[in-house]
Amino acid sequence: MKSTKPKKKKSSSLPKLQKLTRNSQDDVVINVPKAPSLNQFYASSHWTIRKRAKDAFKDAVMIELNKYDPTNFDRVRVRLEYNYRYDVDNAIMAVKFGMDAFKEWGGIPDDKPKHWDKLTIQYCPDMEKGTAVIIFSKY
């Protein structure tokens with residue numbers, strides 16, 4: 001099994017990792033930019049605007065994922081910790097785009113329930129405003 005320890009850090013304009021509630025050696029922990037809220041995303045007037053937003057977010061996630069050695073979890077649980085000015089349900093787009101990127105990166109074979117059965121989204125007011133962290137945990 002290959003190590004999931006981060007490679008040498010590349011420069012990033014994303015915020016530094018915040019204090020997390022859980023972080024094991026098998027976790028892939030990434031900082032993510034502010035995702036559009038679910039309401040903002042579907043209120044966009046044209047599908048091309050939504051596609052550009054999704055692609056930009058996924059590109060930022062891929063940069064963060066590439067700081068890790070390649071890994072593949074057979075099963076994963078995902079946690080989003082964030083401090084956006086969104087209701088908890090509106091933060092789901094960060095998870096959707098993040099998981100799509102994780103799958104594309106090869107971190108999991110598929111995002112069906114066989115491989116991914118649990119999602120936790122937690123608002124963290126002590127984090128820096130406008131920041132979020134996604135934790136992909138092998139189990």
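**View 1. Nine aromatic pairs occur in the structure.** Phe 41 and Tyr 42 form an edge-to-face pair, since their ring centres are 5.0 Å apart and their planes meet at 90°. Rings of Phe, Tyr and Trp (its six-membered ring) pair if their centres lie within 6.5 Å; planes under 30 degrees apart are stacked, over 60 edge-to-face, the rest tilted. Phe 41 is buried at 8% relative accessibility, whereas Tyr 42 is exposed at 55%. Buried means under 20% relative accessible area, exposed over 50%, partly exposed in between (1.4 Å probe, protein chains only). Ring pairs join Phe 41, Tyr 42, Phe 57 and Phe 97 in a cluster.

The model is predicted: local features need pLDDT of at least 70, side-chain atom pairs count only at pLDDT 80 or more, and totals for chains, interfaces and linings use all residues. Residues are numbered from 1 along each chain as its sequence is written, and side-chain values use heavy atoms, with hydrogens and water left out.

**View 2. Phe 102 and Trp 105 both belong to helix α3 (residues 92-105).** The two residues are three apart, about one turn of the helix. Helices are DSSP runs (H or I, at least four residues), numbered from the N terminus. Phe 102 is buried at 0% relative accessible area, and Trp 105 is buried at 15%.

**View 3. Ala 53 lies in helix α2 (residues 47-65).** Ala 53 is partly exposed, with 28% relative accessibility. Beyond neighbours within four places in sequence, Ala 53 contacts Pro 36 and Phe 41; contact means heavy atoms within 4.5 Å.
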